[in-house]
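Subject: Structure handover

Hello,

Here is the structure I said I would pass on. My notes on what turned up in it follow below.

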Amino acid sequence: MAFVITSTCKDELAAECVEVCPVDCIHGDEVMYYIDPDTCIECGACEPVCPVEAIYEEDMVPEEEKQYIEINANFFKE
């Protein structure tokens with residue numbers, strides 16, 4: 001997975017990332033948005049437009065947010 005959406009997205013739901021994604025890999029629920037690791041093409045368009053800085057490259061996710069790597073992937077397994 002190239003990019004991960006973390007906890008600062010919770011209850012924020014700003015959709016700028018959804019609007020700029022060229023492959024429609026960002027989807028959400030009533031809590032937050034998630035990036036589909038199987039669809040993401042690692043373009044990085046989502047990261048700079050996030051107003052709450054919730055999006056990280058997977059290997060740059062802060063230690064306290066690492067659980068969101070799995071949370072994002074699991075959202076698309078349901």
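**An aromatic cluster and its surroundings**

Phe 76 is partly exposed, its relative accessible area being 23%. Please keep in mind throughout that this is a predicted model. Phe 76 belongs to a cluster in which ring pairs link it with Tyr 34 and Phe 75. A pair of aromatic rings is described by the distance of the centres and the angle of the planes.

The structure has two aromatic pairs. In one of them, the ring centres of Tyr 34 and Phe 75 are 4.1 Å apart and the planes meet at 15°, so this pair is stacked. Tyr 34 sits in strand E3 and Phe 75 in helix H3, so the pair ties together parts that are 41 residues apart in sequence. The rings of Phe 75 and Phe 76 have centres 5.1 Å apart and planes at 85°, so that pair is edge-to-face.

Tyr 34 has 6% relative accessibility and counts as buried.

**Asp 36**

Phe 76 also comes up in the contacts of Asp 36. Not counting residues up to four places away in sequence, Asp 36 touches Cys 25 and Phe 76. Asp 36 is placed in the loop between strand E3 (33-35) and helix H2 (46-49). What is the nearest side chain of opposite charge to Asp 36, and how far away is it? The answer is Lys 77, at 9.9 Å. Asp 36 is buried yet has no salt bridge; the cut-off for a salt bridge is 4 Å, taken between a side-chain nitrogen of Lys or Arg and a carboxyl oxygen of Asp or Glu.

**Helix H3**

Helix H3 spans residues 67-75, and Tyr 68, Asn 72 and Ala 73 are buried in it. These three cover an arc of only 140° around the axis, which puts them on the same side of H3. Strand E1 (3-5) and E3 are included in what covers the buried residues of H3.

**The loop between E1 and H1**

Leaving aside neighbours within four places in sequence, Ser 7 is in contact with Glu 65 and Tyr 68. Ser 7 is in the loop between E1 and H1 and counts as partly exposed at 23% relative accessibility. From Ser 7 to Asp 36, the separation is 29 residues in sequence and 16 Å in space, C-alpha to C-alpha.

Asp 11 lies between E1 and helix H1 (16-20), and its phi is near 65°, a positive value in a residue other than glycine. At 65% relative accessibility, Asp 11 counts as exposed. Leu 13 is found in the loop between E1 and H1. The phi of Leu 13 is near 55°, a positive value in a residue other than glycine. Leu 13 is partly exposed, with 30% relative accessible area.

**Cys 43**

Cys 43 is in the loop between E3 and H2 and counts as partly exposed, at 46% relative accessibility. Cys 43 and Lys 66 are 23 residues apart in sequence, and their C-alpha atoms are 21 Å apart in space.

**The chain as a whole**

The chain has three helices and four strands. Read along the sequence, their pattern is β-α-β-β-α-β-α. A compact globule of 78 residues would have a radius of gyration near 12 Å, and the 11 Å of this chain agrees with that. Taken along the principal axes, the C-alpha atoms fill a box of roughly 30 × 25 × 25 Å.

Of the 78 residues, 36% count as buried. Among contacts between residues at least 6 apart in sequence, 65% join residues at least 24 apart.

Regards

Note on methods. Residues numbered from 1 in each chain as written. Predicted model: local features only at pLDDT ≥ 70, side-chain atom pairs only at ≥ 80, totals over all residues. Heavy atoms only, no water. Helix = DSSP H or I, 4+ residues; strand = E, 2+ residues; numbered from the N terminus. Buried < 20%, exposed > 50% of the residue type's maximum accessible area, 1.4 Å probe, protein only. Lys, Arg positive; Asp, Glu negative; His and termini not counted. Contact = heavy atoms within 4.5 Å. Arc of directions from axis to C-beta. Phe/Tyr/Trp six-rings, centres within 6.5 Å; stacked < 30°, edge-to-face > 60°. Rg over C-alpha atoms; globule rule 2.2 N^0.38 Å.
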